[in-house]
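Please read them with the coordinates open.

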Amino acid sequence: MKKYTKDELSLIWLDSFLGLEYKHKVEIYNIIKNSEKISQGLHQAKNYIERNIGQSEYNTLINSANQNYLDYILGELDKKDISARTIDSKAYPESLKNIELKPLVLYYKGNINLLNENIFAIVGSRKSLPLSLSLAQDYAKKLINHFTLITGIAEGVDSAVIKTALENGGKVISVVAGGFDNIYPSTNKGLADQVAKEGLLISEQPPKVVSKPYFFPIRNRIIAGLAQGVLVASGGIKSGTLYTAEYAGEY
């Protein structure tokens with residue numbers, strides 16, 4: 001089983017409660033992180049949790065603040081060959097530390113050292129014209145000589161970029177919107193497995209989380225945050241791709 005620090009374990013434990021909102025996870029973590037044990041920190045956070053989340057939620061947390069539950073979480077990750085980096089990990093990407101709503105936990109499969117490379121994003125719509133796909137492939141072939149490429153895992157431009165990079169000896173990172181147990185679209189499960197084997201697969205969602213529509217634009221902040229530049233190969237007026245462009249402009 002992989003080794004984690006006390007603070008890393010606290011965040012991985014806290015992140016396993018899927019019903020907790022991001023802001024509540026941050027507040028609870030800030031309270032419990034300096035405690036010797038999670039249970040001790042939860043006692044200190046009791047008033048905040050009961051006031052802002054609810055008494056039943058506090059009871060759920062305190063009843064799960066034990067080694068058996070933590071071992072279960074870590075065992076599930078280990079069984080699926082999933083590792084984690086948290087905001088308190090020494091190797092947490094510097095480029096993500098200053099973005100808004102920085103991921104509390106990054107779950108990953110593959111070569112995590114790719115995050116230390118020069119990274120460039122190519123993104124685009126699932127439904128793209130052949131010309132857009134061709135241009136994305138052409139740029140990918142040239143950019144792999146200078147960068148590790150980063151994209152999503154959707155059909156269309158994402159798939160074209162990944163396949164082009166892997167087929168031409170390039171390095172690629174794919175950021176998925178849901179958990180690794182529920183790759184979307186399911187037709188790209190094999191492609192995701194290939195990225196995990198030959199590149200790096202990342203998600204901020206615990207493995208069992210099913211993708212929801214609003215996960216995708218939120219996910220795109222990670223792509224833009226990790227990249228030194230973003231190429232938009234295609235995108236409709238309401239395309240999630242435009243979120244990536246907006247994040248890139250902001251960062």
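The points below go from the sheet to its strands, then to the helices and a few backbone details.

1. Basis. This is a predicted model, in which local features need pLDDT of at least 70 and side-chain atom pairs count only at pLDDT 80 or more, while totals for chains, interfaces and linings use all residues. Residues are numbered from 1 along each chain as its sequence is written, and side-chain values use heavy atoms, with hydrogens and water left out.

2. An open sheet is formed by 7 strands in the order 1-2-6-5-4-3-7, with mixed pairing. Its edge strands are strand 1 (83–86) and strand 7 (230–232), each of which pairs on one side only. On average, neighbouring strands of this sheet are turned by 25° against each other, direction ignored. Helices (H or I, at least four residues) and strands (E, at least two) are DSSP runs, numbered from the N terminus. Two strands pair if DSSP finds at least two bridges between them.

3. Strand 1. Strand 1 pairs with strand 2 in the antiparallel sense over 4 bridges; serine 83 has tyrosine 108 in strand 2 as its bridge partner. Ser83 and Arg85 point one way from strand 1, Ala84 and Thr86 point the other way, and all are buried. Buried means under 20% relative accessible area, exposed means over 50%, and partly exposed lies in between (1.4 Å probe, protein chains only).

4. Strand 4 and its neighbours. Strand 4 (residues 148–151) is covered on both faces: Thr148 and Ile150 on one side and Leu149 and Thr151 on the other are all buried. In a regular strand the side chains alternate between the two faces of the sheet. Strand 4 runs parallel to strand 3 (residues 119–123), joined by 3 bridges, and leucine 149 is the bridge partner of phenylalanine 120. Strand 4 also runs parallel to strand 5 (residues 172–175), again with 3 bridges; here isoleucine 150 stands opposite isoleucine 173.

5. Crossovers. Strand 3, helix 7 (residues 130–143) and strand 4 make a right-handed β-α-β unit. Strand 4, helix 8 (residues 157–167) and strand 5 make a right-handed β-α-β unit as well. A crossover is right-handed if, with the strands pointing away from the viewer, the path from the first strand over the helix to the second runs clockwise.

6. Threonine 151. Which residues does threonine 151 contact, leaving aside its neighbours within four places in sequence? They are Ile122, Val123, Asp158, Val161, Ile162, Ile173, Ser174, Val175 and Ile223, where contact means heavy atoms within 4.5 Å. Threonine 151 lies in strand 4 and is buried, because its relative accessible area is 0%. Alanine 227 is 76 residues away from threonine 151 in sequence, and the two are 9.6 Å apart in space, C-alpha to C-alpha.

7. Strand 7 and helix 11. Strand 3 and strand 7 pair in the parallel sense over 3 bridges, with alanine 121 opposite valine 230. Helix 11 packs on the sheet, touching strand 3 and strand 7, and its direction makes about 150° with that of strand 7. Axes are lines fitted to C-alpha atoms, for helices over the stretch in contact, and angles run from 0 to 180 degrees between N-to-C directions.

8. Helix 10 against helix 11. Helix 10 (residues 215–226) and helix 11 (residues 241–250) pack with their axes 8 Å apart and at an angle of about 45°. The two helices are therefore oblique to each other; angles under 35 degrees count as roughly parallel, over 145 as roughly antiparallel, 65 to 115 as roughly perpendicular and the rest as oblique. On the helix 10 side, Pro217, Ile218, Asn220, Arg221, Ile223 and Ala224 meet Thr241, Tyr243, Thr244, Tyr247 and Ala248 in helix 11.

9. Backbone points to check. Most residues other than glycine have a negative phi, and most peptide bonds are trans. Tyrosine 184 and proline 185 are joined by a cis peptide bond, with omega about 0°; proline 185 is in the loop between strand 5 and helix 9 (189–198). Aspartate 81 has a positive phi, near 60°, and is found in the loop between helix 6 (67–79) and strand 1. Aspartate 81 is exposed, with a relative accessible area of 53%. Leucine 101 has a positive phi, near 55°, in the loop between strand 1 and strand 2 (105–110). Leucine 101 is partly exposed, at a relative accessible area of 44%.
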